[in-house]
Structures are given as C-alpha cells and as structure tokens.
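This briefing is meant for a reader meeting the structure for the first time.

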Amino acid sequence: YYFRFLPQKTFPSLSAPDTTRRLRQWSMLGRIKAQAFGFDQTFQAYRKDEFVMAFFKDPNVIPNLQLLSDSSGQWITLGTEVKKIEAINVPCTQLSMSFFNRLYDEDIVRDNGHIVKCLDYFCDPFLISDELRKVLLVEDSEKYEVFRQPDREEFLFCLFKHLCLGGSLCQYEDVLNPYLETTKLIYKDLVSVRKHPQTKKIQITSSIFKVTAYDSTGVCYPSTKNHEQTFSYFIVDPIKRHVNVLYHCYGVGEMS
C-alpha cells in the first residue's frame, strides 16, 4: 500500500461551534482530532494488519500523523519506528440513533431528556453520579444488560461512550441530547454509506479498527500511557480508498 495525506479533507462535525463548546465542557477540546489519508490499492478487511502496518511505515504518514506528547502535551508526529501493531475489528452496522431509545424505556433518562441522578461513587478513574454512567461502566449494576455485549462493541456505542466519559476535568451534561447530537454528527462525518443498487437500502461501507502500535520499548500510539479514553480508530472507506483516523488522548482539555 502507498498512502497520501489529505489535509484538505475537513471534519465539520469536530469544528462546529456547538461541538467545540461541548468538547470544551467535556475536557476533550484540543485533545481530539480527525485526519484523512488516501491509499492506492483495493482494501481487503481480512488483510487489515498488513494495511495498518503499511500505514505506519509509509513516508507520507510518518511526518503527518498527529498524536499528543505525554511529556509536553503538545501535538507531535510519531518519532519512532513501529515494530508491531494491533488492529481490533469494531462492528459498524447501526444506521439510526433509535439505538439509544432504550435509555428512555429503562428510566435511565426521563421523558424530558434529563438523565436520572444517583448517589456519587467512583468507578476508577470515573466519578459516577447518574444512571447513564452506571449503564456505561458498572458491569454489576442492574441496568447494565440494557446494552448487550454486541451492542457495546458497535462503533456508534463506543463513540457515544467516549463522549459521555470525556477528559479528566469533564463536566457532565444533565440532559442526554448534547451527547446524542454530537455522536450523530461525528459518526455521519466519519462513516461512509451507499444505497444498495438492487434493494435501494442504505448500507455502511466502512470497515473500522481500533488501533494500537508498538515500538521496541512498548506501546507508542495512540499514547505510551494506557487509558480507556485514549484511542485511535481507523475508519476505512474501501470505495473512495480513504482512511479517516479519529484520535483522542485522555487529559485536561482546553479551558478558555
């Protein structure tokens, strides 16, 4: 594979004023980024490891792929040679936000959109102060099963969960809508769909992987520090031959 950086491809969902305001409140602003790259050969999902390894070795990727430095907190490029990668398949089949209606049905969210509060406790490193975070994090809570394991693996769920949990100084929302709206905008921005020529049904064409890369000393990407909220997803469009990289590194987001 041969890759090229596509700086002209922008992601309006991340730069929209509403999103910027929310990401600031969630302590993710300035720590989340999407970048696009093109590639030159047919993509085959079963050869994903080869594809991702070629990506990290490519001379057009190395000076352009951005990540946050653990030491300085500044955006840098990957200054090390990748020796090994891990690319985990992330299912992506959801075409509607009705996927989250069960939050209303199960009294996690009231009909007026307000998230039901609970007594504060810690599920390290997250503070749990409402039923939504309970359903996202606490495996032995009675409503955890509202989303079964296959639901939780869906890219739509992962994106929603990441936005709900935010960065290290995250101020939680009292209502559900900002999470749903922002999830939908980013999802639509990253994931490609097409109309099936015969059935006329909309289908998702993207393949998605959660990616980790290692150098000779250990994990080097998305960060040397492991955290549930530090991630990189590769969203591959096999028709356009584009790969969108969604990156976030857990920490204190921009305040002002």
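Gln229 is found in the loop between strands E11 and E12, in what is a predicted model.

**Gln229**
- With a relative accessibility of 0%, Gln229 counts as buried, because buried means under 20%.
- Leaving out residues up to four places away in sequence, Gln229 touches Phe126, Lys161, His162, Leu165, Gly166, His248 and Tyr250.

**Lys225**
- Lys225 has a relative accessibility of 55% and therefore counts as exposed, the cut-off for exposed being over 50%.
- Apart from neighbours within four places in sequence, Lys225 is in contact with Asp70 and Thr230.
- Although Lys225 and Asp70 are 155 residues apart along the chain, their C-alpha atoms are separated by 7.7 Å.

**The largest pocket**
- The largest pocket holds about 650 Å³ of space, and its lining is made up of 33 residues, of which His162, Lys210, His227, Glu228 and Tyr233 lie nearest its centre.
- Two or more lining residues come from each of strand E5 (84-90), helix H5 (131-137), helix H6 (149-153), helix H7 (155-165), strand E10 (207-215) and strand E12 (231-237), and the largest share, 5 residues, is given by H7.
- Sorted by class, the lining of this pocket comprises 14 nonpolar, 11 polar and 8 charged residues.
- His162, which is among the residues nearest the centre of the pocket, is also one of the residues that Gln229 touches.

Definitions and conventions
Residues are numbered from 1 along each chain as its sequence is written. This is a predicted model: local features need pLDDT of at least 70, side-chain atom pairs count only at pLDDT 80 or more; totals for chains, interfaces and linings use all residues. Side-chain values use heavy atoms; hydrogens and water are left out. On a 1 Å grid over the protein atoms alone, a cavity is a set of points where a 1.4 Å probe fits but cannot get out, and a pocket is an open set with protein on both sides within 12 Å along at least five of seven lines; lining residues have an atom within 4 Å of a point. Grid points are joined across faces, edges and corners, and a volume is the space filled by probe spheres set on the points. Helices (H or I, at least four residues) and strands (E, at least two) are DSSP runs, numbered from the N terminus. Ala, Val, Leu, Ile, Met, Phe, Trp, Tyr, Cys and Pro count as nonpolar, Asp, Glu, Lys and Arg as charged, and the others, Gly among them, as polar. Buried means under 20% relative accessible area, exposed over 50%, partly exposed in between (1.4 Å probe, protein chains only). Contact means heavy atoms within 4.5 Å.
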